[in-house]
Amino acid sequence: MKNIFYYQLPLGEIAITEENNKITNVHYQKENYLQTGNEFEEYTLKETEVLKRAYEQLQEYFEGKRKVFTLPLSPKGTPFRQKVWNALQQIPYGVTKNYGEIAKIIGNEKAARAVGQANNKNPISIIIPCHRVIGKNGSLTGYDGGLEIKEFLLKLENNNF
């Protein structure tokens, strides 16, 4: 069964989804994810235990009490994207890497652009910390929630970028 629930965080409302007791998505609230024609229409509006835990851990993160998430995750994506998302989860709290560094970590140093595309498709924002990936020159690059949110998250982690 697929479930979705909405929560309020310091950066606004988010929607968290789960399937088979694993988190599948964290989305910034831009629209009602249950509306017809949306990929989330197959979800049931229901707060499950794993969704509650995800929200609690996100609250702890925003309070500065949590640096590592311990949730069962199930992001949907190609094997390449999975490899990138796994590498993102290895970036420590408060540390940034650039796309080229992630490409080297996954064993394909010429894949910086592909890493950027995989980063852009990360379905579990914050928990899989794609906000910790910046441009080679140290600049902030695109982020699903907007550059203001990316900057907010990096400052929250006391990262001087």
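The centres of domain 1 and domain 2, taken over C-alpha atoms, are separated by 21 Å in this predicted model. Domain 1 spans residues 2-63 and domain 2 spans residues 79-157, with bounds that come from an automatic or database domain assignment. Contact (heavy atoms within 4.5 Å) links 11 residues of domain 1 with 16 residues of domain 2.

The size of an interface is often given as the accessible area lost when the parts come together. Between domain 1 and domain 2 the buried area is about 1,200 Å², and carbon and sulfur atoms give 67% of this area. Here buried area is the accessible area (1.4 Å probe) that two parts lose on being put together, summed over both. Val 26, Tyr 28 and Tyr 61 supply 52% of the area that domain 1 buries against domain 2, more than any other three residues.

As to the basis of these values, residues are numbered from 1 along each chain as its sequence is written, and side-chain values use heavy atoms, with hydrogens and water left out. Because the model is predicted, local features need pLDDT of at least 70 and side-chain atom pairs count only at pLDDT 80 or more, whereas totals for chains, interfaces and linings use all residues.

Two residues lie in the loop between helix 4 (112-120) and strand 6 (133-134), namely Ser 125 and Cys 130. Helices (H or I, at least four residues) and strands (E, at least two) are DSSP runs, numbered from the N terminus. Buried means under 20% relative accessible area, exposed over 50%, and partly exposed in between (1.4 Å probe, protein chains only). The contacts below do not count residues up to four places away in sequence.

| Residue | Relative accessible area | Residues touched |
|---|---|---|
| Ser 125 | 1%, buried | Val 26, Tyr 28 and Tyr 143 |
| Cys 130 | 6%, buried | Leu 88, Asn 119, Asn 122, Tyr 143 and Lys 150 |

The UniProt annotation "active site", from an unreviewed entry, covers Cys 130; such annotations may be inferred rather than shown by experiment.

Helix 1 (residues 49-62) has 14 residues and reaches 20 Å from its first C-alpha to its last, close to the 20 Å expected at 1.5 Å a residue. The buried residues of helix 1 include Val 50, Leu 51, Ala 54, Leu 58 and Tyr 61. Seen down the axis of helix 1, its buried residues fall within an arc of 165°, so they line one face of the helix. Their cover includes strand 1 (2-9), strand 2 (12-19), strand 3 (22-28) and helix 5 (147-156). Gly 64, with a positive phi near 80°, follows helix 1.

Key: The expected span of a helix is 1.5 Å times one less than its number of residues. The arc is that of the directions from the helix axis to the C-beta atoms.
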